[in-house]
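Thank you all for coming.

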Amino acid sequence: MGLENGRRYYAYVKTVLSDGSLSPPSARVSFRPLARGRIVIFQNHTTDRSGYSFAKMKSTVARDFDNDLYIYANEKKAGISSPSRLHSSLRKTLIKNESKTQSDYRQTQPLIKGHVYLLKTADGGNVRLKLVSLTGKKPNLKAVFDYVYYPPGVEP
């Protein structure tokens with residue numbers, strides 16, 4: 001508890017032996033905790049859960065200045081998009097479908113259940129998203145994602 005997301009920490013590890021004594025310390029190990037979790041995004045762009053700010057770790061409205069993504073749907077497909085597609089003054093997020101071998105970074109990608117997406121956020125962070133579920137129909141689509149957030153300067 002109390003560790004900073006993305007910051008490198010160093011530690012020595014000891015084990016408790018069967019007689020209750022401690023082992024000698026291990027070699028120094030380094031680790032970097034990363035924010036992980038699950039988010040729910042709704043297609044209705046007026047709700048406070050229609051977007052998400054990874055830098056602030058909170059749900060937002062799709063048209064909020066801090067938003068990093070939103071979902072859309074039309075009669076043919078559903079997708080994940082950069083807020084800059086809603087308005088040029090909003091943040092630009094680049095999205096790549098890591099589950100496809102021939103995927104490039106774009107401002108929008110089709111949503112496919114089980115696929116993993118890599119986002120490059122406007123603040124320099126990276127996010128790995130896995131689409132857990134996509135339910136409902138236009139205009140009440142709901143996407144559930146598991147995520148790992150890599151703050152600026154930390155590569156996925």
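Phe54 is buried, and so is Tyr149, where buried means under 20% relative accessible area with a 1.4 Å probe and protein chains only. Before I go on, please keep in mind that this is a predicted model, in which local features need pLDDT of at least 70, side-chain atom pairs count only at pLDDT 80 or more, and totals for chains, interfaces and linings use all residues. Residues are numbered from 1 along each chain as its sequence is written, and side-chain values use heavy atoms, with hydrogens and water left out.

The structure holds five aromatic pairs, a pair being two rings of Phe, Tyr or Trp (its six-membered ring) with centres within 6.5 Å, called stacked if the planes are under 30 degrees apart, edge-to-face if over 60, and tilted otherwise. One of them is Phe54 with Tyr149, a stacked pair at 6.1 Å centre to centre and 15° between the planes. This pair links distant parts of the chain, 95 residues apart, with Phe54 in the loop between strand S4 (51–53) and strand S5 (58–60) and Tyr149 in strand S12 (residues 142–150); strands here are DSSP runs of E, at least two residues long, numbered from the N terminus. Tyr52, Phe54, Tyr147 and Tyr149 form one aromatic cluster.

Turning to the sheet, three strands form an open one in the order S6-S7-S9, with antiparallel pairing, and two strands pair if DSSP finds at least two bridges between them. Its edge strands, each pairing on one side only, are strand S6 (70–73) and strand S9 (108–110). Strand S7 (residues 78–81) and S9 pair over three bridges, and Ile80 stands opposite Gln109 in S9.

Definitions and conventions
Helices (H or I, at least four residues) and strands (E, at least two) are DSSP runs, numbered from the N terminus. Buried means under 20% relative accessible area, exposed over 50%, partly exposed in between (1.4 Å probe, protein chains only).
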